[in-house]
Amino acid sequence: MSQQSRGGPAHGTEGLPITRRTMLRVVGQGMGVAAASRLVPIRRVRAASAADRGTLVMAPSFVIRSLDPGHALEPVAEMICHAAYDSLVTFDGEDLQTPKPSLATAWKASGDGRTYTFTLRPNVTFASGNPMTSADVKWSLERVINLKSNPTFFLDGVEAVEAPTPQTVVLRLKTPQPSIVPILSSGSLAVLDSKFVTEHGGDAGPDAKTKDQAEAYLNSHSAGTGAFTLDSYIPNQEVVLVRNRQHWRGAAQMERIVIRNIPEASTQALQLERGDLDIATGLGRDNAQTLRRVPSITVRSSRVATSFVFMINEDPELSGQLSNPKVIQAIRYALDYDGLLTIAGPGAVRMAGVIPNSLPGALDPHEAVRTDREKARALLKEAGLGAVTGKLMYSSDATAYGIQYSVVAQKIQADLAAVGITIELNGLPGALSLQQYRDAKAPALFGGYAADYPDASDFLVYLPGRLVGKRMRWPASASPAAKELAQWGDDAEAEGDPRKRVALLEKVQRRLLEIGPYAPLFQPALPWAHRADLRGVTFHSVWGVDFHAVRRT
């Protein structure tokens, strides 16, 4: 459940390995993929000459649907958009909490929280040489809205985009939405050279969904102000970026970035060790452990804004006795969280709520439920159901962040058996399990939901009536308590005072765990590695590596 498009049906497409908003993501950026989709011939792409020190070779495992920011949402596509384009705001390194200026140098919210005014950075030009103005920002955001493609949900709350002066952009919102600032950091909301893209079929008008013809062009050319430009793209194989020497932050040190699709973790590890790769983000735990012994390799672990949660369908016709509120509580106390953390691997941490610890609004992990099987058995006795049975659906071929879903499923089965709950495991191929989840037909399952943007509001999808809530057949109308919780979520989303907002988010999560069908399991960490002579390499949870910051010693 990681947003793959990052969104769910309500927002984006949730295709399999593709975006963030896919629960049960099977393959994707930096996920330690075990399953091989296709083999890419192994070849040496970087020789040891001094000239090649300007080339950086990276190997994630990827599926890219589009490199047009108006359509792109897959993790590696997001990384490429982040390199070739700039958005109004950004975040430094791996930070998820403090938006920083990018094409906007400052921004201000109105008193009612419904109007945001952005001041643009002066003297910025696109790679084409055209000057970047507020007209380009307005055109780019309106194009995303009117394309009605995967990233459109980012701007659902926007009522109008205005460009009153060449250096000023105004966003008018339907309701107060402080998350709009971090949302605008998305590569999908990058600023495009409107004149250039229009010349190649681009359209931002109300009929852009049918009139815009620029996607094919933008799959082979970029049109941004970013530190790199798109040089070539061979679908499902390789993307090459070249340095934009006129970039407003100054030219990047690396002249050329080669991003190759290598699904096999062991192949990535082998190529990294022998110097064919500089960065590998699709390693498994064993690969990372082996590479720690190689002096020329630096192994890293970056915590990612993803919540792994066990979920139970609220419809008893699907989940049977598992949907009984007492049974749900018993399951929370029956799970061996320390054991699950061991499976998740180094860097993974407990979660007390559904919001990852990296984001403001997360509950203190010390609040997390502790294993108490006596209490679990007592709750089952109170339920008065006799023998409790159920079925757990999971993606049998999935590995994410080095975590094998099948191992997690067996662990949950054993934990629940320890208190007398008999679980039948129903492992399905990733595509089928994902569809079952989307169709709200999964009786019980677990999955990871990754942040679409760096803000806690993205994880309110678990509330009744929202994306995940609907898939667990938990509408806001389910009960007065569910209706009240849904309203609390709306209130938290609209609160502009940061301290009050955090308090509301914490209140929402505590109540969610009292009445909701969830048990938060852990926040994972991504094992990855790079050549030791690189500096400035970080892995951001939303857009991966910022190539502008990378240099070779």
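1. Both faces of strand β20 are covered: Ala444, Phe446, Gly448 and Ala450 are buried on one side, and Leu445, Gly447 and Tyr449 are buried on the other. Buried here means under 20% relative accessible area, with exposed over 50% and partly exposed in between, for a 1.4 Å probe and protein chains only. In a regular strand, side chains alternate between the two faces of the sheet. Because 7 of the 7 residues of β20 (residues 444-450) are buried, the strand is largely enclosed by the rest of the structure. Strands (E, at least two residues) and helices (H or I, at least four) are DSSP runs numbered from the N terminus.

2. This is a predicted model, in which local features need pLDDT of at least 70 and side-chain atom pairs count only at pLDDT 80 or more, while totals for chains, interfaces and linings use all residues. Residues are numbered from 1 along each chain as its sequence is written, and side-chain values use heavy atoms, with hydrogens and water left out.

3. The partner of β20 is strand β15 (residues 306-312), and the two pair in the antiparallel sense over 7 bridges. Two strands pair if DSSP finds at least two bridges between them. Within this pairing, Leu445 of β20 stands opposite Met311.

4. Strand β11 (residues 238-243) has 5 of its 6 residues buried, so it is largely enclosed by the rest of the structure. On one side, β11 pairs with β10 (residues 228-234) in the antiparallel sense over 6 bridges, and Glu238 in β11 is the bridge partner of Ile234. The hairpin of β10 and β11 has 3 residues between the strands, and Asn236 there takes a positive phi near 65°. β11 is also joined to β12 (residues 256-260) by 5 bridges, again antiparallel; Ile257 in β12 is the bridge partner of Leu241.

5. A further open sheet consists of 4 strands in the order β6-β7-β9-β8, with antiparallel pairing. Its edge strands, β6 (104-109) and β8 (158-165), each pair on one side only. Neighbouring strands of this sheet are turned by 20° against each other on average, direction ignored. Strands β7 (residues 115-120) and β9 (residues 168-173) are joined by 5 bridges, and Leu171 in β9 is the bridge partner of Tyr116. Helix α2 (residues 134-147) lies across β7, β8 and β9, running at about 165° to β8. Axes are lines fitted to C-alpha atoms, for helices over the stretch in contact, and angles run from 0 to 180 degrees between N-to-C directions.

6. Leu416 lies in helix α13 (residues 405-417) and, at 0% relative accessibility, counts as buried. Not counting residues up to four places away in sequence, Leu416 touches Ile331, Ala334, Leu335, Ile421 and Ile423, where contact means heavy atoms within 4.5 Å.

7. The second largest pocket is lined by 17 residues, of which Pro178, Pro182, Asp455, Pro498 and Arg501 lie nearest its centre. On a 1 Å grid over the protein atoms alone, a pocket is an open set of points where a 1.4 Å probe fits, with protein on both sides within 12 Å along at least five of seven lines; lining residues have an atom within 4 Å of a point. Helices α3 (180-183) and α17 (498-515) each supply at least two lining residues, and the largest share, 4 residues, comes from α17.
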